[in-house]
Amino acid sequence: MLSRYEIKTKDDRTNAMHEVMQQIALAGLYRGGFFERAAFYGGTCLRIFHDMPRFSEDLDFSLLQADGSFCLENYFDAIRAEFRAVGREITISRKAKSAQTNIESAFLKDTTEIYNLQFVAEQTVKIKIEVDKNPPAGFATEYKLLMLPFSFMVRSYALPDLYAGKMHALLFRNWKNRVKGRDWYDFEWYVRHNVSLNFVHLQQRAEQINAIAKDDFSIETFKAMLKDRILKTDMKAVKTDVRPFIKNPSEMDIWSADYFLQLAAMIRMKNC
């Protein structure tokens with residue numbers, strides 16, 4: 001699986017190892033029947049199934065329906081077995097959460113379960129698994145084919161709903177002094193590929209997670225908040241965050257507040 005990657009630098013190897021681990025973990029979850037109850041979303045989903053040219057670190061999932069009794073530990077044996085099949089032993093540990101939940105964003109609610117999965121190679125490689133047990137409504141799913149380590153199907157969010165999740169993160173993620181530049185990279189990708197944004201799902205996320213009533217979160221409000229976010233964002237920090245995850249940093253040379261304001265004006269809304 002690693003032979004598919006061009007590895008020239010330390011970052012190249014780390015990114016490749018992360019992605020191979022992610023795919024093996026997805027295979028284990030598939031064998032365990034996980035995708036009968038949950039769907040894949042987030043940046044790693046965009047990377048693996050839609051060819052976004054940046055690497056990603058974590059595995060983010062959402063149950064199809066709220067279930068406070070859901071327990072990801074029930075799938076640990078299937079994940080371990082899949083890694084053993086390719087000659088790797090892993091450890092899976094539950095990540096303890098503080099009352100403030102530092103993931104470290106508005107995306108993460110108290111009903112999200114977080115786990116770390118790692119194995120030791122030349123260096124310790126670790127990925128984080130998150131499962132939202134009380135997801136906002138209004139998203140559609142589809143099945144996407146992955147052919148390694150064997151052929152299997154992964155239930156994933158449809159692109160307009162992935163887009164809604166990303167814009168929610170971009171607007172509401174609270175990193176204090178940090179900047180999640182990868183959100184901005186993904187935003188550019190959605191606009192470049194003319195993906196339509198499911199604004200209704202974005203409203204549902206804002207209502208459930210941020211207690212913003214739909215009537216108070218109109219398209220006009222969204223655009224005003226996005227403009228404010230763009231103008232207040234340190235683009236140098238954005239580029240620094242993204243750089244280790246992409247092959248061609250020069251593609252960010254054009255990035256500026258004005259560039260992203262023009263991208264914002266190009267957002268297509270689904271059914272609006």
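The buried residues of helix H9 pack against H5, helix H7 (219-232) and H8, where contact means heavy atoms within 4.5 Å. This is a predicted model, in which local features need pLDDT of at least 70 and side-chain atom pairs count only at pLDDT 80 or more, while totals for chains, interfaces and linings use all residues. Residues are numbered from 1 along each chain as its sequence is written, and side-chain values use heavy atoms, with hydrogens and water left out.

- Helix H9 spans residues 257-265, and its buried residues are Tyr259, Phe260, Leu263 and Ala264.
- These residues cover an arc of only 140 degrees around the axis, so they sit on the same side of H9; the arc is that of the directions from the helix axis to the C-beta atoms.
- An α-helix has 3.6 residues a turn, so residues three or four places apart point the same way.
- Helices (H or I, at least four residues) and strands (E, at least two) are DSSP runs, numbered from the N terminus.
- Buried means under 20% relative accessible area, exposed over 50%, and partly exposed in between (1.4 Å probe, protein chains only).

**Lys239, a buried charge without a partner**

- Lys239 belongs to helix H8, which covers residues 235-242.
- Although buried, Lys239 has no salt bridge, and Asp253, the nearest side chain of opposite charge, is 5.7 Å away.
- Apart from its neighbours within four places in sequence, Lys239 is in contact with Met252, Asp253 and Trp255.

**Salt bridges**

- The whole structure holds 17 salt bridges, each a side-chain nitrogen of Lys or Arg within 4 Å of a carboxyl oxygen of Asp or Glu.
- One of them joins the side chains of Arg31 and Glu82 at 2.6 Å, N to O.
- Arg31 lies in helix H1 (residues 10-31) and Glu82 in helix H3 (residues 76-85), so this pair ties together parts that are 51 residues apart in sequence.
- Arg31 counts as exposed at 53% relative accessibility, whereas Glu82 counts as buried at 6%.
- Lys128 and Glu130 form another salt bridge, with the closest N and O atoms 3.7 Å apart; Lys128 is buried, with a relative accessible area of 12%, and Glu130 counts as buried at 10%.
- Arg173 and Asp183 meet through their side chains in a salt bridge of 2.8 Å, N to O.
- Arg173 is in the loop between helix H4 (159-172) and helix H5 (181-192) and Asp183 is in helix H5, so the pair ties together parts that are ten residues apart in sequence.
- Arg173 is buried at 10% relative accessible area, and Asp183 counts as buried at 2%.
- Salt bridges that share partners link Arg54, Lys166, Arg173, Asp183 and Asp186 into one network.

**On the surface**

Terms used:
Lys and Arg count as positive and Asp and Glu as negative; His and the chain ends are not counted.
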